[in-house]
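Welcome to this short tour! Open your viewer, get ready to select residues, and follow along one stop at a time.

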Amino acid sequence: QGCLSRKFTPDLLPMIYGDLYEKSEGHWNATVLGLAQNVLKMYHDSDNATYQNCQANYLSQKNDKTQAERERFRKWAVLEAQVKSM
């Protein structure tokens, strides 16, 4: 109560969690950094289950992207090696 967005946390937080997390980890503007950290803390304190779910989903997606990027680099290395051997 007192914050309209808390009522809609299960709908809202999954849409904004990734951006808030990235900004809270490091932003060149200290005000943006602090606000992102405060908003994440508010959601963590008000609806921990949704927060934990969003965090797990975000980290999983981030890991998947990292693995896809590694695979893409590996394929390029193989292709470059094949071209050099021609």
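Begin by selecting Trp76, Leu79 and Val83, which make a nonpolar surface patch of about 310 Å². Keep in mind as you look around that this is a predicted model. To see where the tryptophan belongs, colour residues 48-84: this is helix α4, and Trp76 lies in it.

Next, show helix α2 (residues 9-25) together with helix α3 (residues 30-46). At what angle do α2 and α3 pack? The angle is about 145°, and their axes are 9 Å apart. Turn the view until you look through both helices: the crossing of α2 and α3 is left-handed.

Now display the side chains where these two helices touch. On the α2 side, select residues including Leu12, Leu13, Ile16, Tyr17 and Leu20. On the α3 side, pick out Val32, Leu33, Ala36, Leu40 and Tyr43, among others. Sorted by class, this contact has 12 nonpolar, 3 polar and 2 charged residues.

Stay on helix α3 for the last stop and select Lys41 and Asp45. Their side chains meet in a salt bridge, with 2.8 Å from N to O. How far apart are they along the helix? Because they are 4 residues apart in helix α3, about one helical turn separates them. The count for the model comes to 2 salt bridges.

How values were computed. Residues are numbered from 1 along each chain as its sequence is written. This is a predicted model: local features need pLDDT of at least 70, side-chain atom pairs count only at pLDDT 80 or more; totals for chains, interfaces and linings use all residues. Side-chain values use heavy atoms; hydrogens and water are left out. Axes are lines fitted to C-alpha atoms, for helices over the stretch in contact, and angles run from 0 to 180 degrees between N-to-C directions. A crossing is left-handed if the near helix is turned anticlockwise from the far one by less than a right angle, and right-handed if clockwise. Contact means heavy atoms within 4.5 Å. Ala, Val, Leu, Ile, Met, Phe, Trp, Tyr, Cys and Pro count as nonpolar, Asp, Glu, Lys and Arg as charged, and the others, Gly among them, as polar. Patches are made of residues with over 30% relative accessible area and no salt bridge: like charges are joined within 9 Å, nonpolar side chains (Val, Leu, Ile, Met, Phe, Trp, Tyr) within 5 Å. Accessible areas come from the Shrake-Rupley method with a 1.4 Å probe; for residues, only the protein chains shown count as cover. A salt bridge is a side-chain nitrogen of Lys or Arg within 4 Å of a carboxyl oxygen of Asp or Glu.
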